[in-house]
Amino acid sequence: MGLIRLLLLVVVLVGGYWAYYVYASGEPYDEIGTAINSRLPEQARSFGCAELKRRHSGAVNAPAGCEPFWTRI
């Protein structure tokens, strides 16, 4: 039971940090945020990259993991 709680806590923390990175981070090049985003499934990554581009429209280079999505947006 303790292992399940630990895994659930890790999932909540990682998901929470990803949500912070996508919706509230001051910069699109955050190392932890890009690491999480680049390992997500394609639909979640596409959504995250679209939201980052909307929020940081002045960013010239795509954050890591968003390269294939950055030009399509």
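G65 is found in the loop between α3 and α4 (67–70), where helices, and strands likewise, are DSSP runs numbered from the N terminus, a helix being H or I over at least four residues and a strand being E over at least two. This is a predicted model, in which local features need pLDDT of at least 70 and side-chain atom pairs count only at pLDDT 80 or more, while totals for chains, interfaces and linings use all residues. Residues are numbered from 1 along each chain as its sequence is written, and side-chain values use heavy atoms, with hydrogens and water left out.

With a relative accessibility of 13%, G65 counts as buried, a class that means under 20% relative accessible area, whereas exposed means over 50% and partly exposed lies in between, for a 1.4 Å probe and protein chains only. Once its neighbours within four places in sequence are left aside, G65 is in contact with S38, R45 and C49, contact meaning heavy atoms within 4.5 Å. From C-alpha to C-alpha, G65 and G48 are 10.0 Å apart in space, and they are 17 residues apart in sequence.

A64 also has its place in the loop between α3 and α4, but A64 counts as partly exposed, at 41% relative accessibility. Apart from neighbours within four places in sequence, the residues in contact with A64 are T34 and S38.

T34 leads on to helix α2 (residues 31–38), whose buried residues are G33, T34, I36 and N37. These residues lie on the same side of α2 because they cover an arc of only 165 degrees around the axis, the arc being that of the directions from the helix axis to the C-beta atoms. What covers the buried residues of α2 includes α1 (2–23) and α3 (42–55).

The packing of α1 with α2 has an angle of about 110 degrees, and their axes are 9 Å apart; here axes are lines fitted to C-alpha atoms, for helices over the stretch in contact, and angles run from 0 to 180 degrees between N-to-C directions. The two helices α1 and α2 are therefore roughly perpendicular to each other, given that 65 to 115 degrees counts as roughly perpendicular, under 35 as roughly parallel, over 145 as roughly antiparallel and the rest as oblique. On the α1 side, V14, Y17, W18 and Y21 meet I32, G33, T34, I36 and N37 in α2. By class, this contact of α1 with α2 has six nonpolar, three polar and no charged residues, where Ala, Val, Leu, Ile, Met, Phe, Trp, Tyr, Cys and Pro count as nonpolar, Asp, Glu, Lys and Arg as charged, and the others, Gly among them, as polar.

Helix α1 also packs against α3, at an angle of about 35 degrees and with the axes 8 Å apart. The contact is made by W18, Y21, V22 and Y23 of α1 together with A44, F47, G48, E51, L52 and R55 of α3. The residues of this contact of α1 with α3 divide into seven nonpolar, one polar and two charged. Q43 likewise has its place in helix α3, and Q43 is exposed, with a relative accessible area of 72%. The C-alpha atoms of Q43 and A62 are separated by 17 Å, the two residues being 19 residues apart along the chain.

Taken as a whole, the protein chain has four helices and zero strands, and along the sequence the chain follows the pattern α-α-α-α. Its C-alpha atoms fill a box of roughly 45 × 25 × 15 Å, taken along the principal axes, and buried residues make up 32% of the 73 residues. Among contacts between residues at least 6 apart in sequence, 49% join residues at least 24 apart.
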